[in-house]
Amino acid sequence: AAPGAAALPAPAGAPERDKGAGEEHYCHMLCCTFKHRPWLSHLRSCHLPSSINPLTNLLYVLWLFLVVLAWNWNCWFIPVRWAFPYQTPANLHLWLLVDYLCDLVYLLDVLIFQTRLQFVQGGDIITDKKAMKENYLRSQRFKMDLLSLLPLDLFYFKVGVNPLLRFPRCLKYMAFFEFNSRLEAILSRAYIYRVIRTTAYLLYSLHLNSCLYYWASAYEGLGSTTWVYDGEGNSYIRCYYWAVKTLITIGGLPDPKTLFEIIFQLLNYFTGVFAFSVMIGQMRDVVGAATAGQTYYRSCMDSTVKYMNCYRIPKAVQNRVKTWYDYTWHSQGMLDESELLLQLPDKMRLDIAIDVNYSIVSRVPLFQGCDRQMIFDMLKRLRSVVYLPNDFVCKK
């Protein structure tokens, strides 16, 4: 109350203000009192970290997934809108809406995420804001990101909405390859994703070929010859079917008539032979890498069986050896786990050995009270050995 003025009594029904009232986050608007919702305070406290570790931050991987979705939109639909008559004045606003949403994702990636990525310099992890920003501005990634955001859309006012003016958006391919690398690092079965990605490469090459075929048909005139698309049915599905038969060289296609059609078909055949052979080679490498461990296991098993048959080892012993191979492989996923650790530095081998074996060794009474460093040295020398029932582990 002001000096010389009487304090007004609190109105009836007004909430009592105590120390806990401040914790309930009341706000005053006009003559009313509102209580903040808890999620509003949590939302205000949420903010991006000042630096992001691109190797371990899952939020960054999710953001890369969103960037890759925007990049795929441009790569898949720019050719479709250019070749096929799917972009019309009636739905133009929808195409432009998604286009500029993708541009917004590109812009946020450049301004917010890429300038916060940590990097290694001289063996140190750099987290300084200014240094991270300068490192990004000096990188090849920034140059390609800048090219991908060229505002060629301004030419819409002069030449109309031509999807080819958005072709620079496809130059953000570095985000796609970085996403592949980060995703494979966190997947337990990365070879499944590699197979899906290789299949997507094949589907995309067929997609481009179908767009080119429709463009060639429109250039020659729809239905003008037996080779071009006749304009009936679903245009994309029929052109895609033609692209599959051409690139995989199945045959059964009508012969080209004009010089333009002959040259176009020859280029398709040459491209199909090259692209299909590359895809088969990539698929073979992916499947071979996924089954490398199984192949090694079968090779060891076959060599051991051949050795035992050569020296006429009794069947009972052979069955025990086969049982050991089978059980060891299915329980560990490998025959000798120490082979995987030989390539790691000594400190990392120790960290893995502590996580795997320390809880077991620490419960053995023989090692109670021993020096901790001695325990660590012993952990690095432990090897996993599988024994079958009735085998002697040790004899006194």
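This is a predicted model: local features need pLDDT of at least 70, side-chain atom pairs count only at pLDDT 80 or more; totals for chains, interfaces and linings use all residues.
The protein chain has 396 residues, of which buried residues make up 30%, and the chain contains 15 helices and four strands. Among contacts between residues at least 6 apart in sequence, 62% join residues at least 24 apart.

**Annotated transmembrane regions**

- An unreviewed UniProt entry places the feature "transmembrane region" at residues 58–80, 198–216 and 262–280.
- Residues 58–80 are 100% helix and 0% strand in the model, with end C-alpha atoms 33 Å apart.
- Residues 262–280 are likewise 100% helix and 0% strand, and here the end C-alpha atoms are 27 Å apart.

**Helix α8 and His207**

- Helix α8 covers residues 190–220, and His207 is placed in this helix.
- His207 has a relative accessible area of 2%; because the limit for buried is under 20%, His207 counts as buried.
- The side chain of His207 reaches the backbone oxygen of Trp76 at a distance of 2.7 Å.
- Apart from residues up to four places away in sequence, His207 touches Trp76, Pro79, Val80, Tyr236 and Tyr240.
- Just after α8, Gly221 adopts a positive phi of about 110 degrees.

**Aromatic pairs and cluster**

- A search of the whole structure identifies 30 aromatic pairs.
- In the pair of Trp82 and Trp215, the ring centres are 6.0 Å apart and the planes stand at 25 degrees; because planes under 30 degrees apart count as stacked, this pair is stacked.
- Trp82 belongs to helix α2 (residues 58–83) and Trp215 to helix α8, so the pair ties together parts that are 133 residues apart in sequence.
- Trp82 is partly exposed, with a relative accessible area of 30%, and Trp215 is also partly exposed, at 33% relative accessibility.
- Phe176 and Phe177 form an edge-to-face pair, with 5.4 Å from centre to centre and 65 degrees between the planes.
- Phe176 is buried, with a relative accessible area of 12%, whereas Phe177 counts as partly exposed at 47% relative accessibility.
- One aromatic cluster is formed by Trp82, Tyr213, Trp215, Tyr219, Trp227, Trp242, Phe260 and Phe264.

**Lysines over aromatic rings**

- Lys172 lies over the face of Tyr106, at 5.4 Å from the ring centre.
- Lys395 lies over the face of Phe392, at 4.5 Å from the ring centre.

**Tyr173 in helix α7**

- Tyr173 is found in helix α7, which covers residues 173–186.
- The relative accessible area of Tyr173 is 31%, a value that makes Tyr173 partly exposed.
- Although Tyr173 and Val68 are 105 residues apart in sequence, their C-alpha atoms are 8.4 Å apart in space.
- With neighbours within four places in sequence left aside, Tyr173 is in contact with Trp71 and Met144.

**Positive phi in residues other than glycine**

- Arg312 has a positive phi of about 55 degrees although it is not a glycine.
- The location of Arg312 is the loop between α11 (292–310) and α12 (315–332).
- Arg312 has a relative accessible area of 75%; because exposed means over 50%, Arg312 is classed as exposed.
- Asn390, another residue other than glycine, has a positive phi near 75 degrees.
- Asn390 lies in the segment after α15 (372–379), and Asn390 is exposed, with a relative accessible area of 76%.

Methods: Residues are numbered from 1 along each chain as its sequence is written. Side-chain values use heavy atoms; hydrogens and water are left out. UniProt positions are given in the numbering used here, feature names are shortened, and annotations may be inferred rather than shown by experiment. Helices (H or I, at least four residues) and strands (E, at least two) are DSSP runs, numbered from the N terminus. Rings of Phe, Tyr and Trp (its six-membered ring) pair if their centres lie within 6.5 Å; planes under 30 degrees apart count as stacked, over 60 as edge-to-face and the rest as tilted. Buried means under 20% relative accessible area, exposed over 50%, partly exposed in between (1.4 Å probe, protein chains only). A charge sits over a ring if NZ of Lys or CZ of Arg is within 6 Å of the ring centre and within 35 degrees of the ring normal. A polar contact is a pair of N or O atoms within 3.5 Å; within protein, one must be able to donate a hydrogen and the other to accept it, and residues adjacent in sequence count only if both atoms are side-chain atoms. Contact means heavy atoms within 4.5 Å.
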